Amino acid sequence: MNENVEKKYIIFGIGNSGRQDDGLGWAFLDLLNKNEFKKASFEYKYQLQIEDAELICNYNTVIFVDASKNELIKGYNFYTCKSSNKHSFSTHALLPETILYLSEHLYDHKPKAYILEIQGYEWELKSGLTKTASENLNKAIEFFNQKTFLKHIKTEHDKSHK
Amino acid sequence: MKKLVIDPVTRVEGHGKVTIHLDENNKVKDSFFHIVEFRGFERFIQGHPYWEAPVLVQRLCGICPVSHHLAAAKAIDQIVGINPEDLSLPAQKIRKLLHFGQVFQSHALHFFYLASPDLLFGVNADPAKRNVAEVAIEHLDLAKKGILMRKFGQEIIKTIAGKRIHGISAVPGGVHKKITLQDRDYFLNSKDIPSIDAMINWSKEIIEFLKGYHDLNKKWLNEFAKYPSGHLGLVNKENGFLELYDGNLRALDADGEVILNDIPSDDYIQYFNEGVEKWSYLKFPYLKDLGKDKGWNRVGPLARLNVCNGIETPFAEEERIIFKLSTNGKINNKTMYSHWARLIEMLYCAEMMKKLLNDEDILSNDLVRKGERRSEGIGIIEAPRGTLIHHYEVDNRDRITRCNLIVSTTHNNEPMNQAVKWVANNVISGEPKITEGMLNQVEVAIRAYDPCLSCATHALGQMPLHVTLIDHNGEHIDERKR
């Protein structure tokens, strides 16, 4: 058996560390790695691609972590990702919702899925996060480490099964 | 005058928008495909040690980082005194295997995700229908094969480069690791993933499907976005065959006459110039002898099949001959034939991967060569979307002092503009109303080139498609978002 199958969670860090705050997704995984977070498999992704629909079939829970241009009150936002056939034209990348949709329709697999968006501010060709984005990253990590997210997952899961 | 704007063609591959200028009678006055993102990568890389280039340039693109990695590596080889033919055979073959894996997965992605919805459902289909999610529902087997083919190429990349994106394989003068027997068997024995033989068979099946599609839709495919152009690509130095990793540059004009006769890739600077336009950040390369207006060329699968004398693998060569017969052996200027050409190349890559996976050289430890240090290096390869040029100069402290990149989509800048003009003149002009189907056709014309307008940030919260209609007074009279 693939060792990934034994892990329940997979966390996708999406972004590009060479584009300032677009590196938030990868930086999130870097911090989890540094803290020796062993509960999940990590995938560093530049973009989500069609084969990720197959990859998530090995997991019960999927978390997509990405930089966001949205104005977020806490600097981050964690919410349930729902399957959708949303798509974009002329692009090679897929949305998290579409990955779930494809997994459901191609492989009959419906994992629990969440999106953690972290607000970023600068997107130029440069390494390193901006100060405010780093602060948002730390808040998101704190949320994650306090296991608040696990509680959130349980609550959402309970809600969806009522 | 009305101005129709399709903006952006998404930020993932960079900002791009289409403007079609209409007069009071809805006749097309002019049209432009704008690239409005300025990457500044050439400046960014200045001052970095030369050996960092193959790693840094991968940030240019999340779709074809391997192509940038290898083009930069070929240039850096020259800086350490190694010409392409001086690399050890194992290093050459491992790099080629990596490259074929990259082109294979990129072509699979384009066909299954971007092209097949247009072809299966028709360009006038509702956008809600014309997407990969619907392909997954209505053509389950095709969608699953597409995923596995893409995955196969990605696994080749991961095996050789360590990661699917931004991995490291090439080092100055060679590659940093060999392929193990276990690695090789993974691709040959069908235990964990479908084998390379399955990839060859599926590639052949998909070509059959597309040929059937051509039979049914010949008129449209023959006419849509057809326009005369030059065609540019690398060809094998010995026999003029299709070449993706290292060869001479050849260009033909719209009638098939040779306009660039197998020049060594290191001499490209003598033959090419790059023009600029105030409405686009993307440059317009052209052949100096012919000038800016006549010297531009298409690059990519269609151009490569036009310029080559043949293909060295048997199945792909068989398909190339059928492809050539479709135009009675003449040069092909039909944009929509790019999809067919792309699939023939996919088959070629699969056959080449099989050949290389069965080659004992890839298991060898003879990986790196050294030569006499130089101050300049040029690396040219055929990336999935076409000819890719990396050119570096370094100082005596090993720092990059100058960098010039001509990426495939830059070559295709003018061809994409021509394709948009064709749609504007033949589909939109004179119509009283701009329909969804018309907008789709603009996209279909651009999409045939599989443009990668330079990968940028993507970040959540982006609107992928934004359409604005502006009248002759500059007023926004319509706006659509997808």
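pLDDT is the predictor's confidence in each residue, from 0 to 100. Keep that scale in mind, for this is a predicted model. In chain B the mean pLDDT is 85. Of its residues, 84% reach 70 or more.

Residues 6-15 of chain B have a pLDDT below 50. In the model, this stretch still has 46 contacts beyond near neighbours in sequence. Residues 454-467 of chain B also have a pLDDT below 50. Here the model shows 62 contacts beyond near neighbours in sequence. For the complex, the predictor gives an ipTM of 0.75. The pTM is 0.87.

Now turn to a sheet in chain B. Three strands form it, in the order E12-E13-E14. The sheet is open, and its pairing is antiparallel. Which strands lie at the edges? They are E12, residues 376-383, and E14, residues 400-406, both of chain B. Each of these two pairs on one side only. Neighbouring strands of the sheet are turned by 10° against each other on average, direction ignored.

Look next at one pair of strands. E12(B) pairs with E13(B), which spans residues 386-394. Their pairing is antiparallel and runs over eight bridges. Find Gly379(B), and opposite stands His390(B) in E13(B).

What packs on the sheet? Helix H3 of chain B does, with residues 65-79. H3(B) touches E12 and E13 of chain B. The direction of H3(B) makes about 150° with that of E12(B).

Terms used. Residues are numbered from 1 along each chain as its sequence is written. Chains are lettered from A and ligands numbered from 1 in the order in which they are written. This is a predicted model: local features need pLDDT of at least 70, side-chain atom pairs count only at pLDDT 80 or more; totals for chains, interfaces and linings use all residues. Two residues are in contact if their C-beta atoms, placed from the backbone, lie within 7 Å. Two strands pair if DSSP finds at least two bridges between them. Helices (H or I, at least four residues) and strands (E, at least two) are DSSP runs, numbered from the N terminus. Axes are lines fitted to C-alpha atoms, for helices over the stretch in contact, and angles run from 0 to 180 degrees between N-to-C directions.
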